[in-house]
Structures are given as structure tokens and as C-alpha cells.
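Visitor: I have the sequence and the model open beside me, and I would like to go through parts of the fold with you. Could you guide me?

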Amino acid sequence: MALPRLRTVVLVSGAALLTRRALKRRIARSPLWPLPALPEPVSGHSKRRATAVRRLLITGRTVAADGVVQLRLEGTGLPRWEPGAHLDLVLPSGLVRQYSLCGDPEDTGAYTVATRLVEDGRGGSREVHEQLQEGLEVGVRGPRNRFPLADARGYVFVVGGIGITPVLPMLRSLAASGAEWRLLYGGRSRASMPFLAEIEKLGADGDRVTVVAQDEAGHPDVAAALAGLAQGTAVYCCGPEPLMDAVAAALPEGHPLHLERFSAAAGDATGSGPFEVELRRSGRTVPVAAGQSVLAAVRAELPHVAYSCEQGFCGTCQQRVLEGEIDHRDELLTDDERGDSMLICVSRCWGGRLVLDL
Ligand code: FES
């Protein structure tokens, strides 16, 4: 009798271990990990679930290209990151903006980001350019990675302008490992394209890099860059929306496409009728009017709920949905994530009621 019982114990322990590992993997893959920081915990949250804002010292500020500043942010024992990761910068005004890490992932003493000034933007890049000076501190959260480098037989990158920032650490890593890669790098002019000299050096062996400055040669030929891709080649694109559309349209079948958005895809957070949202852990229910986003309605009750872009591309506002039929209006979440979570800045509800884990 002892043997079957022992077998049962082993089976049960094994199943528990597998379940724990699966859970751990799911948490590690979740875009909510590390969780966005909340200035104060929402009812039911322990402080351990929130990622604290880390204060880093700006020890370097250089001009990486026309209209692009590069910041070196120093701290100690900083979390490691993988190429493609980004940081949340918590700006002095309270605005939160995401910037890709473009330094050395092995450097646990500093992070490096580069930011292009968007003249007609919503103020984040202007604040970075005008207020973040050497000797000051800035708050950061993360890093998080929504644009990781996948295993592939080869890589083709199509990049526009400041979209080079998440790609640069990938290129360094691929060049060091001897992997097969090519880059099509477009920009308004060579002077406006950051890291050009380093990139051309990285690609010097074997004609890997094609630089297309619009003022010299017009738009990059995306179709030519994607023609005749070898089996198993992964395609990465980061840049303005029209460039990403062109890559998606020209991509031959059977090649995975990895996109990193710096701006919102088309989406409407406010269309369709009213409904109500129950905030289960807070014990409150808020009405969402026809012309209002879920985020706006939730903020009326929970002013410290995390958000940033308000356009469905940064992922900061992602919340777990406990009940209700979600009308997803973003292009960021994976199918898996869409099952039980939503970006409350743009997505809505098909029925009359949603229940959020807030
Ligand atoms: S706030 Fe950026 S996705 Fe919602």
C-alpha cells in the first residue's frame, strides 16, 4: 500500500510544481510585470505588487542627432534588461512617457534613452528636452519588454528615425553573436538619424545596412527589403505608422512580424453607447458615458490608477477584467491577454457592464 500512496504524493507534488512554474512563466510574460507603480495602493493591493518609482541621476545629456537628445541615467544595482525593453520616465510634471533603452544591457549602473522632440506632441518629449538636464534626478519605472528579440534563423529590421532606439541593442547583440541580419534604416535626413555612425560600422561586414535619407533618396523601398526572405527570417519594424503599414502589406506569408509602436494605431475610446464599470476590489460602480473613456470614468473614482499614452499603445493602463464582454480597440494586446484584460484608455464594452479587478 505504501508504494501507490508514495506515487500519489509524487504525482500531486509534480503537478503542483508544474502549475507553479506555469504560473511563474505567465507572470513573467505578463505586460503587467513589473506592475506599474501606483502612488498609493488601491484597496486590496499590497504595496509589494506595485513597482516603485526609482530616482536616477542624469549624468549625461548629449545630442544624438538633430532634434534627438540622449540621456544617461545613473543608479546602483539597476534591474537587467533585454534588447527591445523600454523604461517609463516619470517626468517632473507627472507625465509618464515610454522610451526604449538603447545602452548596454549589461550595465547595471546606468540606463540610456534617446528622445526625439515632437513639436506638435502632447508635451512629454518637450519636457524631456527642456527640463531634464545633467545633475537633476528623474523617476523611472521598469524596464519592461514588449518587443523582445525572438529566436530566428535570421532577422530583417525596417526602421524609421527614432524607431532605431529599441533596435540598436538588438543589432549589437546579433553582430556580437554572428547572427544573420539586415537593416533598412530610413529618416528625414542623415543628420536627423541617431546612431548612424555606429550602425554603419556594425553592418560594415557584408552590406547589412541600407540607409535611406529622404532628402537624398526619397522613401525606403520596403518591398525590396522584404523580397526573397529566407525561411525562418523574423521581421522587425519600428517607426511611424505608415512605415509599419507598408511593412505589414509587403510581408511575404510565413514570416513573423514584430512591431513596436511609438504612436497610436487608429482607435476610438469614446464611440458607442454608455455602460457601467464595477470596480470590484474598491466596491464601487462608475457610469461610463457615451463620449467618455473607461479610463476617464475610473479616474473619477481612483485618481491614481496608472496610465500614460491614453491612446492604446503603451500598455500602462492594462487592467484585468473579471466579468463582461470586452470591445477591444487597441492593437497592442496579444490574443491571450485579450481573454481577461483590456486597455481601459481605449477599449470599451459590448454589453451594459464590465467588472474590473480594481
Ligand atoms: S494609457 Fe497607454 S495604453 Fe492605455
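Visitor: In the hairpin of S1 and S2, which residue takes a positive phi?

Guide: This is a predicted model, in which local features need pLDDT of at least 70, side-chain atom pairs count only at pLDDT 80 or more, and totals for chains, interfaces and linings use all residues. Residues are numbered from 1 along each chain as its sequence is written. Helices (H or I, at least four residues) and strands (E, at least two) are DSSP runs, numbered from the N terminus, and the hairpin of S1 and S2 has two residues between the strands. The residue with a positive phi, near 80°, is Gly67.

Visitor: How many bridges join S1 to S2?

Guide: Two strands pair if DSSP finds at least two bridges between them. Strand S2 covers residues 68-74 and runs antiparallel to S1, and within this pairing Thr62 has Gln70 in S2 as its bridge partner. The number of bridges joining S1 to S2 is seven.

Visitor: Which residue in S6 stands opposite Arg54?

Guide: S1, residues 54-65, also pairs with S6, residues 137-144, in the antiparallel sense. That pairing extends over four bridges, and the residue in S6 that stands opposite Arg54 is Val140.

Visitor: Which strands stand at the edges of the sheet?

Guide: Six strands form an open sheet with antiparallel pairing, in the order S4-S3-S6-S1-S2-S5. Two of these strands each have a single partner strand, so one side of each is left without a neighbour in the sheet. The strands at the edges are S4 (96-100) and S5 (110-116).

Visitor: At about what angle to S5 does H2 run?

Guide: Helix H2, residues 124-131, lies across S2, S3 (86-90), S4 and S5. Axes are lines fitted to C-alpha atoms, for helices over the stretch in contact (C-beta atoms, placed from the backbone, within 7 Å), and angles run from 0 to 180 degrees between N-to-C directions. On that basis, H2 runs to S5 at about 115°.

Visitor: Within what arc do the buried residues of H7 fall?

Guide: A residue is buried if 20 or more other C-beta atoms lie within 10 Å of its own, exposed if 12 or fewer, and partly exposed in between, with C-beta atoms placed from the backbone. In H7 (residues 241-250) the buried residues are Leu243, Met244, Ala246 and Val247. Seen down the helix axis, with the arc taken from the directions from that axis to the C-beta atoms, these residues line one face of H7 because they fall within an arc of 160°.

Note on methods: Contact = placed C-beta atoms within 7 Å.
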